[in-house]
Amino acid sequence: MVTSTDVDTDRRIVSGAPLRAWQRRALTRYLTSNPTDYLAVATPGAGKTTFGLRVASELLADRTVERITVVAPTEHLKHQWAASAARNGIALDPNFSNSTGSTSSDFDGVVLTYAQVAAHPYRHRVRTEQYKTLVILDEIHHGGDAKSWGDGIREAFGDATRRLALTGTPFRSDDSPIPFVTYEPEPGGGQRSKADSTYGYSEALRDGVVRPVVFLAYSGEASWRTSAGEEFTARLGEPLSQEQTARAWRTALDPHGDWIYAVFTAAHRRLMRLRESGVPDAGGLVIATDQQNARDYADLLHSITGKKPTVVLSDDPKSSSRIEEFSNSTDEWMVAVRMVSEGVDVPRLSVGVYATNASTPLYFAQAIGRFVRSRRPGETASVFLPSVTVLLQLASELEAERDHVLGKPHRESDGLDDAILTDANKRKDEPGEEEKAFQSLHADAELDQVIYDGSSFGTSTFVGSEEESDYLGLPGLLDADQVRTLLQQRQAQQVTNRSSRPRDDEAAKAAPNANERTGENLLALRKELNTLVALHNQRTGKPHGQIHNDLRERLGGPPTAMATGDQLRERIAALRSW
């Protein structure tokens with residue numbers, strides 16, 4: 001028989017590890033209410049795993065449960081959970097297999113994936129019924145990913161003694177209800193998910209639990225050719241049709257183009273600045289659209305930095321060990337498709353490049369969550385992304401809290417294959433958009449704006465300018481208020497410098513026809529230069545972006561989109577001589 005004294009003693013033992021304020025509040029609420037189901041929502045990096053394991057320790061100590069089952073989205077997270085549990089005195093088996101169906105009695109429980117449960121739900125139901133079991137459902141929104149997954153965990157864990165659901169993104173882009181989550185009716189006929197405790201990004205930022213995130217949005221002109229031979233040029237960030245936006249976006253992300261080369265170079269400069277100014281082990285992560293792009297991006301980073309980055313692909317059996325090795329090293333860059341989009345703990349990640357065309361709020365929140373974990377006061381995160389309306393909006397709304405709402409749309413379709421990408425996020429690498437074939441020709445990059453705390457700073461400036469350097473050179477250790485103050489100062493200086501430059505508006509107004517002809521000539525010269533760059537690429541295999549950069553290093557001047565006619569002719573002549 002367990003007396004109250006025994007329970008108190010056990011609780012003193014498990015209460016050794018210090019908890020954050022939100023974890024203490026949530027734990028008190030949990031132990032007071034003793035619920036069968038409990039949903040804890042906490043921003044990525046806030047410590048959901050620690051909270052879940054503390055609940056498990058308490059329930060094991062007072063004999064409320066006898067076994068623990070953790071369900072995670074990926075194989076890598078299974079091992080991460082088991083390692084965290086071991087540090088908290090709980091032995092969980094991450095290698096439990098459906099075929100064996102059992103584990104050593106030395107373990108306090110097992111760690112499974114949602115797919116593993118869905119494959120044999122009855123087997124896991126039997127295990128759950130044999131012992132009083134606490135089931136921890138990590139990133140519970142995955143429970144609604146597919147009918148088989150949702151039905152599987154309902155079947156397997158419907159009779160569990162306790163169920164603790166955890167998530168940093170308690171919403172979905174569809175109407176699939178999340179199992180074991182309470183929905184309450186709201187005006188208009190919809191139903192909204194209800195969390196038992198919530199700890200949002202804005203609260204965590206105020207408490208110093210997470211890092212402030214600075215988004216650097218890069219615009220530029222993108223050119224492509226359709227299967228019919230027509231050539232188009234559009235500017236990222238300007239009002240475009242859905243098709244034009246998608247193609248300009250994908251052209252910018254072309255691993256062989258000038259845009260991605262320029263953005264990678266800028267991101268690496270930012271990473272080096274962080275390492276030089278207080279964060280010596282700062283790491284960078286490129287999130288790619290698919291596996292081929294990931295490999296190409298790795299080659300490009302190698303050419304820029306002189307060092308081979310870590311490449312993580314979802315079908316690589318060594319993915320988990322690669323992530324672990326990178327996390328424990330001081331290596332500069334990692335390139336991945338999906339393996340690090342959610343839940344993976346690499347606290348030193350400080351710089352990110354969002355080089356994917358995924359546009360759902362869920363995927364974006366998961367991706368940015370990789371960079372917000374705070375290790376020491378003053379660390380900041382910098383994320384580079386294309387200046388595309390949907391991404392700019394998501395970056396501006398980083399602090400917005402969302403619930404899962406059934407019965408009404410969360411966001412109007414933007415024509416960018418959100419349904420396909422949502423499916424990809426749960427199982428495999430994001431596929432390219434299913435549209436008519438087209439060929440990327442060229443894309444220039446320029447820093448469009450800096451987004452922080454929902455506000456936009458700066459005015460457009462070309463890559464390599466002193467103004468861009470001012471933003472890339474922000475100190476490595478700053479608190480949230482200091483970030484805002486410095487961005488305001490950078491913007492004010494930028495505006496002052498530009499207002500002091502001589503204006504030539506009157507001359508431009510005096511010769512509108514000449515301007516028209518100049519525009520036509522520049523477009524023709526850009527096309528000729530891009531054609532020659534493509535031919536040089538075919539001969540040498542050198543990436544388009546590197547060829548453009550070599551020309552600029554040799555001859556000087558801004559990116560192609562901002563070059564004068566004489567500068568373009570000089571580059572064309574030089575390229576013909578190579």
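The legends below go with several close-up views of one predicted model.

Local features are described where pLDDT is at least 70, side-chain atom pairs count only at pLDDT 80 or more, and totals for chains, interfaces and linings use all residues of this predicted model. Residues are numbered from 1 along each chain as its sequence is written, and side-chain values use heavy atoms, with hydrogens and water left out.

View 1. Helices (H or I, at least four residues) and strands (E, at least two) are DSSP runs, numbered from the N terminus. Strand β15 covers residues 349-355, and seven of its seven residues are buried, so the strand is largely enclosed by the rest of the structure. Here, buried means under 20% relative accessible area, exposed means over 50%, and partly exposed is in between, with a 1.4 Å probe and protein chains only. Two strands pair if DSSP finds at least two bridges between them. Strand β12 (residues 283-288) runs parallel to β15 and is joined to it by six bridges; in this pairing, Ile-287 has Tyr-354 of β15 as its bridge partner. Strand β16 (residues 381-386) also runs parallel to β15, with three bridges between them, and Val-383 in β16 stands opposite Gly-352. Follow the chain through β15, helix α13 (residues 361-368) and β16 and you have traced a right-handed β-α-β unit. Right-handed means that, with the strands pointing away from the viewer, the path from the first strand over the helix to the second runs clockwise.

**View 2. Strand β14, covered on both faces.** In a regular strand the side chains alternate between the two faces of the sheet. Strand β14 spans residues 333-336: Trp-333 and Val-335 lie on one side, Met-334 and Ala-336 on the other, and all are buried. Its pairing with β12 is parallel and has four bridges, with Leu-285 opposite Met-334. Strand β13 (residues 310-312) is parallel to β14 too, through three bridges. In β14, Met-334 also stands opposite Thr-310.

**View 3. An open sheet of seven strands.** Read across the sheet, the order is β3-β4-β2-β5-β6-β1-β9, with parallel pairing. The edge strands are β3 (92-93) and β9 (197-199), each of which pairs on one side only. At the β9 end, strand β1 (residues 37-42) runs parallel to β9 and is joined to it by three bridges. Look for Ala-42 there: its bridge partner in β9 is Tyr-199.

View 4. The structure holds 11 aromatic pairs. Rings of Phe, Tyr and Trp (its six-membered ring) pair if their centres lie within 6.5 Å; planes under 30 degrees apart count as stacked, over 60 as edge-to-face and the rest as tilted. Trp-22 and Phe-51 make a tilted pair, at 5.7 Å centre to centre and 45° between the planes. Trp-22 lies in helix α2 (residues 21-33) and Phe-51 in helix α3, so this pair ties together parts that are 29 residues apart in sequence. Trp-22 forms a stacked pair with Tyr-199, at 5.5 Å centre to centre and 15° between the planes. This pair links helix α2 to strand β9 across 177 residues, and Tyr-199 is buried as well. Ring pairs join Trp-22, Tyr-30, Tyr-38, Phe-51 and Tyr-199 into a cluster.

View 5. On a 1 Å grid over the protein atoms alone, a pocket is an open set of points where a 1.4 Å probe fits, with protein on both sides within 12 Å along at least five of seven lines; lining residues have an atom within 4 Å of a point. The lining has 40 residues, of which Thr-49, Gln-80, Ser-84, Asp-345 and Arg-373 lie nearest the pocket centre. Helices α3 (48-61), α4 (75-87) and α12 (319-328) each supply at least two lining residues, and α4 gives the most, with eight. By type, the lining divides into 10 nonpolar, 19 polar and 11 charged residues. In this count, Ala, Val, Leu, Ile, Met, Phe, Trp, Tyr, Cys and Pro are nonpolar, Asp, Glu, Lys and Arg are charged, and the others, Gly among them, are polar.
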